[in-house]
Amino acid sequence: MTVHHLSRLDARRVAVRAQLLDARRPTGLLDVVRGLTLLQVDPIAAVAPNAHLVSWSRLGSAYATTDLATALADRRLVELRAMIRPAEDLVLYRADMAHWEGAEPGTRGREWLRANDACRRDVLDRLRSSGPLPSRDLPDTCAVPWRSTGWTNNRNITQMLEYLVLCGEVAVAGRRGGDRLWDLADRVYPADPALPRDEAKRVRDERRLRALGIARARTTALPVEPADVAEAGEQAVVEGVRGTWRVDPALLGQPFSGRAALLSPFDRLVHDRKRAVELFGFDYQLEMYKPAAKRRWGYFALPVLHGDALVGKLDATADRKGGVLRVDAVHEDVPFDRATTAAVRAEIEDLARWLELDLVLPA
């Protein structure tokens with residue numbers, strides 16, 4: 001059994017290269033999404049919506065937000081459970097969808113869906129005749145209301161649509177403003193035959209590892225998209241870090257040339273906060289839910305990458321009404337040298353240009 005022995009520097013460079021954040025920028029949006037496997041949809045736009053910010057971090061000002069809208073409209077990309085994925089990757093999920101009800105026997109969701117089968121059929125009929133439609137145009141004929149301690153309590157159609165996505169019966173066909181438009185999945189997803197479930201999981205794990213570069217075989221469970229990769233790749237140990245890892249061997253031994261990048265808080269390089277600490281020594285929390293007085297770095301601080309190191313956080317806000325990108329602080333985890341300061345400043349200026357906002361720096 002091959003076991004790779006990596007320094008933390010090696011491991012960081014593998015991770016940065018895998019996430020398309022080294023000096024060799026991708027050539028277009030589809031290359032980015034295929035390389036990363038996904039763009040997470042999130043409505044928070046303190047600087048820019050996550051899917052756009054992640055794309056800009058890779059492509060720079062060459063990226064236009066209309067590129068994403070076009071790729072979704074022509075179905076080269078599709079949205080599945082708040083993740084934008086290459087359309088060809090849907091074959092990796094369709095078998096799980098087809099077996100969803102049988103995969104979770106006895107769960108409350110299965111029982112609730114069965115109890116509201118008449119509503120399910122109403123929704124499918126309405127979409128078949130009039131879709132794509134926003135959820136507010138779909139009839140709520142649920143006999144049993146959805147009970148939850150969270151935001152979905154008694155939001156029957158919202159929950160019905162989520163389960164019908166899991167079943168592979170409906171899909172997001174587009175968006176109108178911030179509203180999702182729903183349609184029958186067969187009208188949205190490619191007609192390619194699904195891979196068998198075991199094979200599909202293996203390929204998903206392999207693609208996730210290729211996108212992350214290095215990851216744990218098992219780690220904390222995350223909703224929708226795991227952070228672990230099972231037995232994909234080859235085993236590795238990282239100097240000074242406990243436990244074993246899985247690494248994509250194709251990314252080892254390559255020359256590395258880095259650059260500066262400003263990252264979304266949801267960027268996959270930092271999304272697994274434990275991994276960010278273990279490999280990069282990078283402490284980060286999204287502080288938007290904290291009282292302002294308790295924030296260390298800002299409401300929506302952007303992690304700052306320079307070369308193979310995460311070196312700080314940028315506290316900035318896009319004030320679109322005022323026409324400015326306001327930078328309140330650049331938090332340096334370690335003092336920046338002259339080259340780091342210049343590279344980070346250039347990225348901030350590029351961000352302002354891309355947003356078409358004037359840049360306002362701290363006095």
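Predicted model: local features only at pLDDT ≥ 70, side-chain atom pairs only at ≥ 80, totals over all residues.

## Lining of the second largest pocket

Which helix gives the largest share of the lining of the second largest pocket? That share, 5 residues, comes from H11. At least two lining residues each are supplied by helix H5 (94-98), helix H6 (100-103), helix H9 (156-166) and helix H11 (197-212).

## Enclosed cavities

Rolling a probe the size of a water molecule over the atoms shows where empty space is left. The model has 4 cavities of 30 Å³ or more, and the largest cavity holds about 150 Å³ of space. Its lining consists of 15 residues, with Leu212, Glu225, Pro226, Ala227 and Arg268 nearest the centre of the largest cavity. By class, this lining has 7 nonpolar, 3 polar and 5 charged residues. H11, which gives the largest share of the lining of the second largest pocket, also gives the largest share of the lining of the largest cavity, 3 residues in this case.

The second largest cavity has about 70 Å³ of space, and its lining divides into 5 nonpolar, 3 polar and 3 charged residues. Among the residues that line the second largest cavity are Gln19, Leu36, Asn50, Val54, Arg58 and Phe266, together with Arg268, a residue that is also among those nearest the centre of the largest cavity. Strand S2 (39-40) and helix H3 (50-59) each supply at least two residues of the lining of the second largest cavity, and the largest share, 3 residues, is that of H3.

Asp350 lies in helix H13 (residues 338-355) and touches Trp56, Gly60 and Ser61 when residues up to four places away in sequence are not counted. With a relative accessible area of 11%, Asp350 is buried.

## A buried glutamate in a loop

Glu287 is found in the loop between helix H12 (273-280) and strand S11 (302-306), and at 1% relative accessibility this loop residue counts as buried. What is Glu287 in contact with, if its neighbours within four places in sequence are left aside? The contacts are Lys294, Arg295, Arg296, Trp297, Gly298 and Tyr299.

For one of these residues, Trp297, the backbone nitrogen lies 2.8 Å from a polar atom of the side chain of Glu287. Glu287 and Lys321 are 34 residues apart along the chain, and their C-alpha atoms are separated by 24 Å.

Strand S12 (residues 309-319) is mostly covered, with 8 of its 11 residues buried. S12 pairs with S11 in the antiparallel sense over 5 bridges, and Ala309 in S12 is the bridge partner of His306. The hairpin formed by S11 and S12 has 2 residues between the strands, and Gly307 in the turn has a positive phi of about 65°.

S12 is also joined to strand S13 (residues 324-332), by 8 bridges, and these two strands run antiparallel. Along this pairing, Asp315 stands opposite Ala329 in S13. In the hairpin of S12 and S13 there are 4 residues between the strands, and Gly323 takes a positive phi near 75°. In a regular strand the side chains alternate between the two faces of the sheet.

Note on methods: Residues numbered from 1 in each chain as written. Heavy atoms only, no water. 1 Å grid on protein atoms, 1.4 Å probe; cavity = no way out; pocket = protein on both sides within 12 Å on 5 of 7 lines; lining within 4 Å. Points joined across faces, edges and corners; volume = space filled by probe spheres on them. Nonpolar A, V, L, I, M, F, W, Y, C, P; charged D, E, K, R; others polar. Buried < 20%, exposed > 50% of the residue type's maximum accessible area, 1.4 Å probe, protein only. Contact = heavy atoms within 4.5 Å. Polar contact = N/O pair within 3.5 Å; in protein donor to acceptor, adjacent residues only side chain to side chain. Pairing = 2+ DSSP bridges.
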